[in-house]
Amino acid sequence: MSDSITSGGSLESTSPSRTRNFEHGTLPLLLTDSGVKSNSSIWPSSSANEWTTEQVSVWLRSHNLESYVTLFASNCIDGHQLLSLEGQRLKSLVASNDDRAKFKRRQKDLKVQVEKESKQKEKEKKDREKLLKKS
């Protein structure tokens with residue numbers, strides 16, 4: 001019962017009925033009985049602010065916080081709420097101090113990523129406007 005890397009560089013599960021999550025860059029991968037597949041059908045291509053509860057569930061799993069998936073989904077935690085969780089609300093959802101610390105670190109990383117994406121979009125918008133003015 002172990003996972004292995006094939007000669008092609010993909011991961012393979014040798015244990016039946018087991019799914020594991022691995023992260024490749026920012027895109028999590030699912031390790032299933034048939035090998036690795038991307039979550040591209042549910043993994044967000046949009047900013048975390050726009051994530052659905054299902055996309056938040058994928059994010060939780062990709063950061064080994066899968067025990068909170070059901071609770072977050074039942075509380076309809078979407079991307080916008082995920083980014084703003086703090087204080088008592090966060091404590092009520094993530095009771096373990098260790099998990100809460102891990103969550104806060106991952107949440108901070110996600111906020112930084114969202115901010116970088118926002119700045120990049122703004123820069124691209126300004127560049128397009130400059131090009132239009134030159135035309």
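Where is A48 found? A48 sits in the loop between β5 (35-38) and α1; helices (H or I, at least four residues) and strands (E, at least two) are DSSP runs, numbered from the N terminus. The model you are looking at is predicted, so local features need pLDDT of at least 70 and side-chain atom pairs count only at pLDDT 80 or more, while totals for chains, interfaces and linings use all residues. Residues are numbered from 1 along each chain as its sequence is written, and side-chain values use heavy atoms, with hydrogens and water left out.

**A loop residue and its partners**

A48 counts as buried, at 3% relative accessibility. Buried means under 20% relative accessible area, exposed over 50%, and partly exposed in between (1.4 Å probe, protein chains only). Leaving aside neighbours within four places in sequence, A48 is in contact with G79, H80, L83, L110 and V114, where contact means heavy atoms within 4.5 Å. Take L110 from that list: A48 and L110 are 62 residues apart in sequence, but their C-alpha atoms are 7.6 Å apart in space.

**Helix α5**

L110 and V114 bring us to α5, where the buried residues are R100, K102, F103, Q107, L110 and V114. These buried residues pack against α1, α2, α3 and α4.

**The nonpolar core**

The largest nonpolar core has 19 residues, and those with the most contacts inside it are L60, F72, L82 and F103. Such a core is a set of buried Ala, Val, Leu, Ile, Met, Phe, Trp, Tyr and Cys residues joined through side-chain atoms within 4.5 Å. At least two residues of this core come from each of α1 (53-62), α2 (69-74), α3 (79-84), α4 (87-93) and α5. Beyond its neighbours within four places in sequence, F103 touches several residues, including L60, L65, L82, L85 and L90.

**Aromatic pairs**

How many aromatic pairs are there? The count comes to two. Rings of Phe, Tyr and Trp (its six-membered ring) pair if their centres lie within 6.5 Å; planes under 30 degrees apart count as stacked, over 60 as edge-to-face and the rest as tilted.

| Pair | Type | Centre to centre | Between the planes |
|---|---|---|---|
| W59 and F103 | edge-to-face | 5.8 Å | 90 degrees |
| F72 and F103 | tilted | 5.9 Å | 55 degrees |

W59 lies in helix α1 and F103 in helix α5, so their pair ties together parts that are 44 residues apart in sequence. The other pair links F72 in helix α2 with F103 in helix α5, 31 residues apart. W59 is buried at 3% relative accessibility, and F103 is buried with a relative accessible area of 1%. Together, W59, F72 and F103 form one aromatic cluster.

**A salt bridge**

Side chains of opposite charge can pair when their charged atoms come close. A search of the whole structure finds one salt bridge, meaning a side-chain nitrogen of Lys or Arg within 4 Å of a carboxyl oxygen of Asp or Glu. The side chains of D127 and K123 form this bridge, at 3.2 Å from N to O. Both residues lie in helix α5 (residues 97-134), four residues apart, about one turn of the helix. D127 is partly exposed, with a relative accessible area of 33%, and K123 is partly exposed too, at 47%.
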